Amino acid sequence: MTAPGSWLSAHWLALPGFVHSTVFILALSIVLILSVAYLTLWERKLIGWMQMRRGPNRVRLFGIPHTEYIGQPFADVVKLLIKEIITPARSNRVLFRLAPAITLIPAFAAWAVIPIAPGFAIADVNAGLIYLLALTSVGVYGVILAGWASNSKYAFLGAMRSAAQIVAYEIAMGFALVGVLMAAGSLNLGVIVEHQRGAPFHWNMVWLFPLFMVYFISGVAETNRAPFDVAEGESEIVAGFHVEYSGMGFALFFLAEYANMILIAALTAIFFLGGWLSPLDGYLSADSALRHLPVPYLGKAVGLVLGDGTHWLALKIFALLCVFLWLRATFPRYRYDQIMRLGWKVLIPITIVWIAVEGVLAWFHVGPWRA
């Protein structure tokens, strides 16, 4: 009798390539949407535990017993769907409605070149790094359009503050990625991960630690997360660029923030933490069970869809997301001048200096550049 895993594997391999891509895109989109939804719940629960309170603990999943608080994201979606969408009378209606989509779509489109396992990417392109830099730069247009199209001084001021912050920290992120490019010698994300193969001592985080810190801090600022959430200020600009949005318009900005958090965590894991590579690499035998997904009966089929090592990438993303939430629960909001000084006068000079140090290390074949 043929094992279920072998039967599924044979049929999956027999399907044409476009079917594989379509299934992969749908599966990845569903996982991202659910991850964004439950990240909002995990944030409230984790910060609740840090502050010695319960957080959400009432909404069951479709009334199923012992699923308290699991249904909270679905309740939030229903609540936002039935809320009235109010458009300001003198706003630019087309751009007002388009801005949330411009903010959200790049966060999902960027996953087209992100490898979740060896050889498993929707588009395995050699210029993946440039594609990511281009896409992540588009999100700022949604913020600017939202503030300008609202025809509100509060929204416009919040948009300008947020745009200036994003531009400043985007430069620091770009310089940090120059260091990653110098280390890997390739713009392909899969090659960047493979270049870190070996024990964790080979990960870019070790040799490029200052760039790792700059990239992650800049990622927190890029997503307008605390302590860099100057897009909103209760005492002067209320909710910032999305102050005039309600219902699903507001929800799209909210989801874009969390989708960008997951994206930044994934990119940090790929560029500096070895991506799908195991932290036990170099210490495990090639046939160790820890290298594979332990899924009974469907192991081969799931491996064909998800790939070997996807669970390690997911764990690294989860750990980095917890740091995002930890920062929000710990640090007070910075003043705007402090944020701009950190971006222009601290982070950018650090990246420039370390790129020069990296050039010296490469010249003398030290570390990742040894022959």
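Student: Let's start with Phe271: which residues does Phe271 touch, leaving out those up to four places away in sequence?
Tutor: This is a predicted model, and in it Phe271 touches Leu129, Leu132, Leu177, Val180, Leu189, Ile192, Gln196, Asn204 and Tyr215.

Student: How should I read a list like that?
Tutor: Start from the general idea: in soluble globular proteins, nonpolar side chains tend to be buried together. Here, the largest nonpolar core has 70 residues, and Trp111 and Phe271 touch the most other members.

Student: Which helix gives the most to this core?
Tutor: That's helix H10, residues 247-272, with 14 residues. There's also a second, separate core of 13 residues; Ala99, Val140, Ile166 and Tyr245 are among them.

Student: And which residues form the nonpolar patch on the surface?
Tutor: Val167, Ile171, Phe175, Val178, Met182, Trp344 and Ile352, with about 540 Å² of accessible area together. Helices H6 (153-184) and H13 (336-363) each give two or more residues to the patch, and H6 has the largest share, five residues.

Student: Zooming out, how many helices and strands does the protein have?
Tutor: 13 helices and zero strands. Of the contacts with a separation of 6 or more, 76% link residues 24 or more positions apart.

Student: What percentage of the 371 residues is buried?
Tutor: 45%. As for the accessible surface, it comes to about 18600 Å², with 71% belonging to carbon and sulfur atoms.

Terms used:
Residues are numbered from 1 along each chain as its sequence is written. This is a predicted model: local features need pLDDT of at least 70, side-chain atom pairs count only at pLDDT 80 or more; totals for chains, interfaces and linings use all residues. Side-chain values use heavy atoms; hydrogens and water are left out. A nonpolar core is a set of buried Ala, Val, Leu, Ile, Met, Phe, Trp, Tyr and Cys residues joined through side-chain atoms within 4.5 Å. Buried means under 20% relative accessible area, exposed over 50%, partly exposed in between (1.4 Å probe, protein chains only). Helices (H or I, at least four residues) and strands (E, at least two) are DSSP runs, numbered from the N terminus. Contact means heavy atoms within 4.5 Å. Patches are made of residues with over 30% relative accessible area and no salt bridge: like charges are joined within 9 Å, nonpolar side chains (Val, Leu, Ile, Met, Phe, Trp, Tyr) within 5 Å. Accessible areas come from the Shrake-Rupley method with a 1.4 Å probe; for residues, only the protein chains shown count as cover. A salt bridge is a side-chain nitrogen of Lys or Arg within 4 Å of a carboxyl oxygen of Asp or Glu.
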